[in-house]
Amino acid sequence: MSWFGAEDWRALGSDLGLLPYTQTAGYAQGMGFRQLRRTFGAPATGEPSYAHRLYGRWKGVEVIVLTYDVGSGSSQTTYTGCLARIEPPLFLGLCLKAKPFLHGLFGGESLSLGDAQLDKELVVEGFDPVKVRDFFA
């Protein structure tokens, strides 16, 4: 397996037509697109960094690609996230993520979409379960 360095991160952004930006504040899971966009500083110059957020339009849709850490110390994991601006906004509070191995062990079931494969693989969260299911229908 080859290493994916910060230069590769910047090249990925370039390949997707996205520009790197510095950040003025951290990222928290659940931030909305507009809220996250407000944390951008100047366009990044100089050395590439994973801390730079990639921003622009991909296939006509405004997107942000970023890395973020969860946990701390030896249990810290780095993830790559992608947010897309949806017009008009859905106001669903929709969040999709891969289902962790121990998901549901202590409660905390996700919404069911009615598709066995998707329900097995994804955690689906939202403000209103009926509206989320209707969206996917």
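## Aromatic pairs and the nonpolar core

Tyr-21, Phe-40 and Tyr-55 are linked into a cluster by ring pairs; rings of Phe, Tyr and Trp (its six-membered ring) pair if their centres lie within 6.5 Å, and planes under 30 degrees apart count as stacked, over 60 as edge-to-face and the rest as tilted. This is a predicted model, in which local features need pLDDT of at least 70, side-chain atom pairs count only at pLDDT 80 or more, and totals for chains, interfaces and linings use all residues. Residues are numbered from 1 along each chain as its sequence is written, and side-chain values use heavy atoms, with hydrogens and water left out.

The count comes to seven aromatic pairs. Here are two of them:

| Pair | Centre distance | Plane angle | Type |
|---|---|---|---|
| Tyr-21 and Tyr-55 | 5.9 Å | 80° | edge-to-face |
| Tyr-27 and Tyr-68 | 5.0 Å | 55° | tilted |

Tyr-21 sits in strand β1 (residues 18–23) and Tyr-55 in strand β3 (residues 53–58), 34 residues apart; helices (H or I, at least four residues) and strands (E, at least two) are DSSP runs, numbered from the N terminus. Tyr-21 and Tyr-55 are both buried, where buried means under 20% relative accessible area, exposed over 50% and partly exposed in between (1.4 Å probe, protein chains only). Tyr-68 is buried at 18% relative accessible area, whereas Tyr-27 is partly exposed at 23%.

Now for the core. The largest nonpolar core has ten residues, among them Tyr-21, Phe-33, Phe-40, Tyr-55 and Tyr-68; such a core is a set of buried Ala, Val, Leu, Ile, Met, Phe, Trp, Tyr and Cys residues joined through side-chain atoms within 4.5 Å. Its largest share, three residues, comes from β4.
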